[in-house]
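Here is a report on a two-chain model.

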Amino acid sequence: MVTLQDIHFLMPEIVMAVGAVIVMLAIAVKRDYTLSYGLTLATFLAAFGILVLNPTETRPVTELLLADPLGKFLSGLIIASAFIITIFSYPYFRIQKEVKEEYFILLILATLGAVLMTISNHFISFVISLEILSVSVFALIGYLKKLEISIEASIKYLILAAVATGFILFGFSLIYLSTGSMSLAQLTQTPAEGSFSLLLLTGLGLTIVGFGFKMALVPFHFWTPDIYSAAPAPVSTFVATISKGAAFVFLLRLFYSIGGLNNDNIWVVFAVLAIASMFVGNWLGLQQKNLKRLLAYSSISHLGYLMVGFLAFSDDGIRSSAFYLTAYFASILAAFGMITYLTSEHDGEPYMIENYRGLFWSKPWLAAFFTLVLLSLAGIPFTAGFMGKFYLLSSGMSAGKIVLLLSLVVSSTIGLFYYLKVVQVMLTRSETQHEFYIGKHSILMQAVVAVLFVVILWMGVFPSAFLSMIGM
Amino acid sequence: MNIIFYIAALIALIATFRVVTHKNAVHALLYLVVSLLAISVIFFISGAPFVAALEVIVYAGAIMVLFVFAIVMLNLGEDSIQREANLLQPGVWKIPTILIVILLAELIYVFASNQMTAGNVRIVDAAEVSQRLFGGYVLAVEMTGILLLSGIVGAYHLGREKKREYHRYLQTNEEEHE
């Protein structure tokens, strides 16, 4: 049963669920875009505050959920990112000719699904929260429904996500069949070290396919560029950060609890996925002229890097993955935030790299910020991305996974080219002027951009201060 | 009792295969109903009568009716009237009927032999399911509520008819035509 203590722990989630209903009721009373936006910001702020004030503890909350430091940290990261995405969304959707208020309900619900995923300790709670996330994201991707390309992307995502969920469910049922348990807490005890029945291996293999889709690891990555480029920029940000991060956490919990990485076959499968993601992501990124597609390929390769921390199969691996996820969230939020920032009512999103030609000469500060973000994504020293990769390398090194480390280093070098190509385009002198863009009049958005700037630098220069702050 | 399971499973496989390969949507749906009923029989003999009943009511009942309704609504015109006339020819419903009759025979056999489950399975009845749902799994029920909310809001937004807004010039033009 749910005790009072459990309700205490669940307060952030309850606040978000109530917040979604309040926004809905507010729409029913009076349609007001700014009001819905304010209520959404307040919801995320309250949820984040309560989460931070809640004591950090490790205990099961009913059979379905789990309170632990990792879950708390990632819930906080997800809610904070959702807060930032809300701020980016407000000016972006204000210029759209579409009914806009429902966007915020869906955003809150999708975030709630992601948060529930990070604290899930049971197949049932995971599948339901995955569905909350996916169903909200279908609608979010196709939110601007007058654009045919958005609707197409939405249907694409719907079908592929349904297939992926099918794989995950089938895998889970095979795991249940061979172990007799759906709770991760009980799965820990079941299989003896490294000895897996064929049935269990099949089940785990099928779940890997499903998770591979959710996290866009390489053989399952084909949807990513299409959906990122077709969805509204704030929604692409959401799909690139929050939904991937949440799926990664449950993958980590599942395979760490069942000890799946002790099995050589599973380890090799993940290693191949990781290496393929790094190389294919970076390789395909080289040819891109569309910035959103470029960021999609970049996110594919970043998830490949992240798998190095996962494959270290140690507490060190969890810590470095959490740090890397934070660095990745900050950089991708900032990169997509940049696209949102320069969106104009007249020309729409500046999604081509060409749109940034000469940015350095017309908006030096913005260009400097964008350069920092791209360098962070590439992993240049004094940025968050570099420290993230450094921690991944050190956790991989202590686990002795040399092949993975070599591919990480080599593929990052390949990736450096396309990030620098964008910087080079910005530095080229040109007559193109960026005059009317939505970031110009949004003080909150400028503040968020400044905060992200500081975070990326701070994580790159004083990572230890950051690590101690997140209690890792 | 195992043989009952294998027969039902085979029927489910054949029917599902026909769903995928059939060209006519209504015929494919007929097979889908058969497949769902076969799965329901499997649930029943695995000791889950409640889930079996839900499978019949929700899937074979409500969702199938919606499917058929949508297809009938979409196929308007001369062509579809001709097609509907051909719907009830024996060739169409012969095989699904045979499959259903086999399932019915299985069910009658199960009841007649008074041996409700396959092998050593504990029967889970509706009371036990609801106790779990409102005991340990109560949060799952709450989460499902949230899932429905997000589904409704999403469907409401995407399915919403756009208000027709004519430009003022077009409006006057139209009035002139009238």
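## Packing of α13(A) and α16(A)

In this predicted model, D316(A), G317(A), S320(A), F323(A), Y324(A), A327(A), Y328(A), A330(A) and S331(A) of α13(A) meet a set of residues in α16(A). On the α16(A) side these are A384(A), G385(A), M387(A), G388(A), Y391(A), L392(A), S395(A) and S398(A). Contact requires C-beta atoms, placed from the backbone, within 7 Å. By class, the contact has nine nonpolar, seven polar and one charged residues. Ala, Val, Leu, Ile, Met, Phe, Trp, Tyr, Cys and Pro count as nonpolar; Asp, Glu, Lys and Arg count as charged; the others, Gly among them, are polar.

Two packed helices are described by the angle between their axes and the distance between the axes. Helix α13 of chain A covers residues 315-341, and helix α16 of chain A covers residues 384-399. Their axes lie 9 Å apart, at an angle of about 160°. The two helices are therefore roughly antiparallel to each other. Angles under 35 degrees count as roughly parallel, over 145 as roughly antiparallel, 65 to 115 as roughly perpendicular and the rest as oblique. Axes are lines fitted to C-alpha atoms, for helices over the stretch in contact, and angles run from 0 to 180 degrees between N-to-C directions. The crossing of α13(A) and α16(A) is left-handed. That term applies if the near helix is turned anticlockwise from the far one by less than a right angle; clockwise is right-handed.

## Packing of α15(A) and α18(A)

Helix α15 (residues 364-378) of chain A packs on helix α18 (residues 443-461) of chain A. The angle is about 40°, and the axes are 11 Å apart. That makes α15(A) oblique to α18(A). This crossing, too, is left-handed.

From α15(A) come F369(A), L372(A), V373(A) and S376(A). They meet V449(A), F453(A) and I456(A) in α18(A). The residues of this contact divide into six nonpolar, one polar and no charged.

## Buried positions in helices

G245(A) sits in helix α10 (residues 233-258) of chain A. G245(A) is buried, with 25 other C-beta atoms within 10 Å. Buried means 20 or more such neighbours, exposed 12 or fewer, and partly exposed in between; C-beta atoms are placed from the backbone. Leaving out residues up to four places away in sequence, G245(A) touches L74(A), L77(A), I78(A), L325(A) and F329(A). I78(A) is 167 residues from G245(A) along the chain, yet their C-alpha atoms are separated by 8.1 Å.

T207(A) belongs to helix α8 (residues 198-215) of chain A. T207(A) counts as buried, with 24 C-beta neighbours inside 10 Å. Its contacts, not counting residues up to four places away in sequence, are I168(A), G171(A) and F172(A).

## Positive phi in loops

Most residues other than glycine have a negative phi. Which way does the phi of A216(A) point, positive or negative? A216(A) has a positive phi of about 55° although it is not a glycine. A216(A) lies in the loop between α8 and α9 (223-230) of chain A. A216(A) is buried, with 28 other C-beta atoms within 10 Å.

F313(A) also has a positive phi, near 55°. F313(A) is in the loop between α12 (291-311) and α13 of chain A. F313(A) is buried, with 21 other C-beta atoms within 10 Å.

## Interface

How many residues of chain A are in contact with chain B? The count is 27 residues of chain A against 18 residues of chain B. On the chain A side, α1 (4-29), α4 (102-118) and α5 (123-141) each give two or more residues. The largest share, ten residues, comes from α5(A). That side divides into 18 nonpolar, five polar and four charged residues.

## Chain B and confidence

Chain B has eight helices and zero strands. Helices (H or I, at least four residues) and strands (E, at least two) are DSSP runs, numbered from the N terminus. Of its 178 residues, 21% count as buried. Among contacts in chain B with a separation of 6 or more, 70% join residues 24 or more positions apart.

The model scores ipTM 0.90 and pTM 0.90.

## Conventions

Residues are numbered from 1 along each chain as its sequence is written, while chains are lettered from A and ligands numbered from 1 in the order in which they are written. In this predicted model, local features need pLDDT of at least 70, side-chain atom pairs count only at pLDDT 80 or more, and totals for chains, interfaces and linings use all residues.

Methods: Contact = placed C-beta atoms within 7 Å.
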